[in-house]
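Here is a short tour of one model, written for someone who likes to know the cut-offs behind each term. Please have the viewer open as you read.

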Amino acid sequence: MIDIGVKAPAFIAPAVADGTGTELALFRLVDGCEVVALCFAPANFVPTCTAEFAAVRDAGWHGRDDLAVVALTGDSLYAGFAYADRFDLPFPLVADFHGGVADSYDLLADPWEGHSDSPRRAAVAVGGGRA
């Protein structure tokens with residue numbers, strides 16, 4: 001995992017945001033707020049991870065000017081559309097389908113039952129450009 005004080009790995013990845021497919025660039029979020037919360041999960045529709053994302057949604061973190069929230073899962077963008085819609089997720093959902101973002105943060109889960117290159121459950125706070 002990335003240590004405190006280490007520059008966070010940058011990424012541009014496909015995401016679902018506001019019901020639309022887009023590319024999410026971490027640097028744009030970092031430049032625009034004080035903190036970016038990256039919430040990693042192995043897949044969409046995993047009950048424990050869904051409960052965590054729902055708790056973040058219900059806490060209202062997405063509505064703050066000083067904080068950006070991004071969920072990242074190992075599923076495809078197409079699964080992300082269904083997942084974000086089903087659970088009314090108001091923050092971007094990145095499709096880290098091949099685990100590249102999770103790998104850059106040293107957050108790949110161990111292979112399990114034929115699944116590899118999936119993110120582990122984790123949350124990373126990235127300091128932003130606004131202070």
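## Salt bridges

Let's begin with Arg 57 and Asp 58, whose side chains meet in a salt bridge at 2.8 Å, N to O (a salt bridge being a side-chain nitrogen of Lys or Arg within 4 Å of a carboxyl oxygen of Asp or Glu). Arg 57 is partly exposed at 21% relative accessibility, while Asp 58 is exposed at 57%; here buried means under 20% relative accessible area, exposed over 50%, and partly exposed in between, with a 1.4 Å probe and protein chains only. This is a predicted model, in which local features need pLDDT of at least 70 and side-chain atom pairs count only at pLDDT 80 or more, whereas totals for chains, interfaces and linings use all residues. Residues are numbered from 1 along each chain as its sequence is written, and side-chain values use heavy atoms, leaving out hydrogens and water.

The rule gives three salt bridges. One of them joins Arg 121 to Glu 52, with the closest N and O atoms 2.2 Å apart. Arg 121 sits in the loop between α4 (100-104) and β6, and Glu 52 in helix α2, so this pair ties together parts that are 69 residues apart in sequence. Helices (H or I, at least four residues) and strands (E, at least two) are DSSP runs, numbered from the N terminus. Arg 64 and Asp 66 also form a salt bridge, again N to O at 2.8 Å.

## Helix α3

Which residues of helix α3 are buried? In this helix, residues 77-86, they are Gly 80, Tyr 83 and Ala 84. Seen down the axis, they fall within an arc of 95°, so they line one face of the helix; the arc is taken from the directions from the helix axis to the C-beta atoms. On the other side, Tyr 78, Asp 85 and Arg 86 are exposed.

The buried residues of α3 pack against β1 (12-17), α2 (47-59) and β5 (93-95), where contact means heavy atoms within 4.5 Å.

## Asn 44

Asn 44 lies in the loop between β3 and α2 and is buried, at 6% relative accessible area. Beyond its neighbours within four places in sequence, Asn 44 has contacts that include Gly 80 and Tyr 83.

## Strands β3 and β6

Strand β3 (residues 35-41) pairs with β6 in the antiparallel sense over six bridges; pairing requires at least two DSSP bridges between the strands. Ala 122 in β6 is the bridge partner of Phe 40.
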